[in-house]
Amino acid sequence: MKKLLTAVLSFTLLVGLAGCGGNDSKDVTTVKVGVVGEYNAQWDTVNKLLEKDNIKVELKKFTDYAAPNRALNDGEIDLNAFQTKSYLAKSVEDFKYDIEAIGDTIVAPLAIYNNKDKVSKIEDIKDGAVIGIPSDQINGGRALKLLEKAGLIECDPAKKDVPSKADITKYNKKIEIKEAESATLAKLLPDMDAAVINGGNAITAGLNPKDDSIYIEDVNLETAGDIVNVIVARTKDKDNEVYKKVVDAYHSAEAKKTIDDTYKDAFICAW
């Protein structure tokens, strides 16, 4: 009888423990975050910091810039973190998405990368050179402004930070500007003389803006404004306490150290 009682108690205890384990698992809140590119080491640090709150970030990787905002608006993901404030504003304007920024992340400088078989410095770019830029209006306009600062072209000042190729008023060098989806520019570089590539796509392609470019965007955090990257949520979820904790973890000293150590000044923390 004692053996039977002991067996019953042991079984009850095991069931109880198993039940506790199941409840712990169910208590973890998963937050799906859309990203583009392979510069995500900081999210590992964010997850370590969120363990105490039983929150886990699960990254959903996209290959192009158009998809993450649509996915967020449609409820396929909970947050995204890949875009500048200006790209977000244009996306909302064009597609009427009900999404908004809930926290700053990084500034990823644009830079001009050279085909080393053809160009070694910005002064080597001659008439007839082919230069690639992103095809979307926001990053493409920003790229044209960088080419202007490098002395290659001049743009209509009335267009401010978002000129198009049609707004080029003067070619100081008779270059050919080719537009392509931002993520493909590094792969296309061997067929060009140079290309303007943003920081995230450069890192994904194994390029470092500080070390591998021949001309880089001058970034001042005090005036960075619309080129700051952001974490974005659906507007109805902007005050979600779980999402606020994700932003707080991203804004930690630990996450900054991960970004600084991993990407070697390629990105500038914006908070």
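**View 1. The residues around the largest cavity.** Welcome inside this predicted model: 14 residues line the largest cavity, and Tyr-65, Phe-82, Thr-84, Asn-198 and Asn-229 are the ones nearest its centre. Strand 3 (79-84) and helix 5 (137-149) are the elements that each give two or more residues to this lining. Strand 3 gives the most, with three residues. Helices (H or I, at least four residues) and strands (E, at least two) are DSSP runs, numbered from the N terminus.

**View 2. The space itself.** The volume of the largest cavity is about 130 Å³. A cavity is a set of points on a 1 Å grid over the protein atoms alone where a 1.4 Å probe fits but cannot get out, and lining residues have an atom within 4 Å of a point. Points are joined across faces, edges and corners, and a volume is the space filled by probe spheres set on them.

**View 3. The second largest cavity.** Here the volume is about 100 Å³. Of its 13 lining residues, Tyr-39, Gln-42, Ala-81, Phe-82 and Tyr-250 are closest to the centre. Elements supplying at least two residues each include strand 1 (29-36), helix 2 (41-50) and strand 12 (228-234).

**Reading the views.** Residues are numbered from 1 along each chain as its sequence is written. In this predicted model, local features need pLDDT of at least 70 and side-chain atom pairs count only at pLDDT 80 or more, while totals for chains, interfaces and linings use all residues; side-chain values use heavy atoms, with hydrogens and water left out.

Technical notes
1 Å grid on protein atoms, 1.4 Å probe; cavity = no way out; pocket = protein on both sides within 12 Å on 5 of 7 lines; lining within 4 Å.
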